[in-house]
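This report is written for a reader meeting the structure for the first time. Please look over the sequence and the model before reading on.

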Amino acid sequence: MARETVYFDKQPKITAVSTIAGQKEKSGPISEFIDEFMDDDRFNEDTFEKAECKMLSHIIGKVVEKKNLPLGEVDALIAGDLLNQIISSSFAARNYSFPYIGVYSACSTMSESMIIGSLLLNGGHMENVICATGSHFSTAERQYRYPLELGSTRPPQSQWTVTGAGACLLSNNEEDIDYPKIVSATFGKVIDYGVTDANNMGAAMAPACADTIVTHLKNTKTKPTDYNLIVTGDLGVLGSRIVKDLVWEKGYDMNSNHVDCGEMIYNICEEEFQGGSGAGCSAVVFNSFFYKKLLQKRYDRILFLATGALLSSVSSQQGESIPCISHAVEIKR
Amino acid sequence: MKTKTKNNQNYLEYVSNIMPKTNEFQKIFRAFWVGGFICCIGQALRLLYQSVFSLSGDELAGFVSMTMIFLGALFTGIGIYDRIGKYAGGGSIVPITGFANSVVSPAMEFKSEGFIYGLASKMFVIAGPIIVFGTVASVLVGLGYYIYFMVV
């Protein structure tokens with residue numbers, strides 16, 4: 001039983017990270033931890049989609065460069081994004097000659113790609129794997145909502161898609177002992193509690209997230225207090241409150257050590273309402289703030305759960321509710 | 001299955017209880033004054049055209065609408081209308097300037113897919129339904145009007 005949780009005896013290490021974000025994220029509270037910022041939303045490209053692709057391509061190059069790794073040594077790139085047919089990641093991958101595994105798990109792509117990468121490393125099939133994902137406010141708005149210049153109001157339960165991308169390099173290398181290690185992971189189930197409001201992502205995603213947290217805690221026989229932090233992806237203020245309630249209902253108390261990347265990335269004022277969202281949200285926050293804190297040994301053990309809403313604009317228009325997923329990765333120092 | 005639906009009901013109820021509420025009074029007030037202000041501009045133009053160009057009737061109404069549509073499109077193009085919209089909500093959507101905004105904004109957005117398949121074909125993505133239902137409604141009202149006068 002308990003096969004949703006996998007344990008990595010080889011403990012793949014996160015040996016390098018790279019992040020990039022937009023100007024709005026630059027004014028947020030964790031901006032000092034983010035590597036680079038784009039001067040404008042288009043990143044010197046003529047469309048936002050090309051900019052998103054360039055962001056991903058850029059950080060993939062950076063993460064390899066940081067580790068001084070010859071490009072031939074990268075065994076695979078696991079990446080995904082929010083756009084239809086995951087074009088940003090696939091188009092970014094064409095700039096590189098290493099094998100590419102395209103994944104889609106909406107905003108939980110970061111943790112999903114980390115699990116797949118760890119499995120490949122743990123099985124001894126590969127040595128160096130890059131996991132990357134990103135999102136762009138303007139491309140997401142266009143695909144899921146309205147044109148940018150349309151004078152519409154956002155409801156107070158809405159979130160703001162993060163413009164940014166993050167990548168990490170997982171390695172099995174014996175020399176790299178002093179890095180954060182991925183020790184176990186739990187695959188999430190698709191859970192749908194019937195929320196149909198596409199603006200209320202937090203409430204839609206919270207049950208899936210709570211389920212994965214509880215499953216992971218049960219399977220690993222741990223308590224929330226065993227972790228320095230339980231980091232969720234992009235539940236926002238409202239979703240964070242719900243997930244704490246749902247986990248509490250199952251007999252676990254994580255009020256004191258839960259944080260949400262969506263709550264951290266912006267100085268939440270009226271425009272963002274519940275905080276950040278999007279695949280880039282957890283990717284940027286995890287690979288900047290949390291990675292650096294892990295390196296500094298401020299945290300010894302964190303549980304990272306990116307959360308994703310698996311909807312499309314067609315499914316919402318057909319009145320479908322929003323199925324959601326969340327994958328958990330346990331990282332130890 | 002039944003308990004599942006019930007659980008879902010409980011969850012949805014719980015969510016709607018803790019969901020942040022829209023400040024309705026504030027929204028209505030903002031919509032009222034901005035919408036009213038836009039209408040005042042329209043009325044001012046009307047008076048201006050009437051006295052300066054001595055227009056009247058349909059011509060006058062047409063010129064006022066044209067100017068307002070132009071202004072709506074212009075403010076959309078220079079990126080101001082969406083800010084007004086964020087503040088005013090319905091106040092800037094309902095007047096004719098809002099209609100201009102709903103045509104110009106997708107046109108700008110989808111220009112990157114080319115002039116034919118992007119700009120021209122996506123131009124009425126938002127305004128399309130308004131035109132369709134507007135036309136249908138006008139036909140129905142016209143019919144009703146006709147029948148009423150046939151009978152009376």
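## Basis of the report

This is a predicted model, in which local features need pLDDT of at least 70 and side-chain atom pairs count only at pLDDT 80 or more, while totals for chains, interfaces and linings use all residues. Residues are numbered from 1 along each chain as its sequence is written, chains are lettered from A and ligands numbered from 1 in the order in which they are written, and side-chain values use heavy atoms, with hydrogens and water left out.

## Helix packing in chain B

Two packed helices are described by the angle between their axes and the distance between the axes. In chain B, helix 3 (residues 57–77) packs with helix 6 (residues 96–109) at an angle of about 40°, and their axes are 8 Å apart. Helix 3 of chain B is therefore oblique to helix 6 of chain B (angles under 35 degrees count as roughly parallel, over 145 as roughly antiparallel, 65 to 115 as roughly perpendicular and the rest as oblique). Helices are DSSP runs of H or I with at least four residues, and strands are runs of E with at least two, numbered from the N terminus.

Contact means heavy atoms within 4.5 Å. Helix 3 of chain B contributes residues including Ser65(B), Met68(B), Ile69(B) and Gly72(B), and helix 6 of chain B contributes residues including Ile96(B), Thr97(B), Ala100(B) and Asn101(B). The residues of this contact divide into 7 nonpolar, 7 polar and no charged (Ala, Val, Leu, Ile, Met, Phe, Trp, Tyr, Cys and Pro count as nonpolar, Asp, Glu, Lys and Arg as charged, and the others, Gly among them, as polar).

## Salt bridges

Across all chains, the whole structure holds 13 salt bridges (a side-chain nitrogen of Lys or Arg within 4 Å of a carboxyl oxygen of Asp or Glu). In chain A, Glu141(A) and Arg154(A) form one at 3.6 Å, N to O. Glu141(A) lies in helix 5 (residues 137–144) of chain A and Arg154(A) in the loop between helix 5 and strand 7 (160–161) of chain A, so the pair ties together parts 13 residues apart in sequence. Glu141(A) is buried, at 7% relative accessible area, and Arg154(A) is also buried, at 15% (buried means under 20%, exposed over 50%, partly exposed in between, with a 1.4 Å probe and protein chains only).

Asp46(A) and Lys50(A) meet in a salt bridge of 3.3 Å, N to O. Asp46(A) is exposed, at 53%, whereas Lys50(A) is partly exposed, at 42%. Asp35(A), Lys66(A) and Lys292(A) are linked in a network of salt bridges.

Note on methods:
Axes fitted to C-alpha atoms, helices over the stretch in contact; angles between N-to-C directions.
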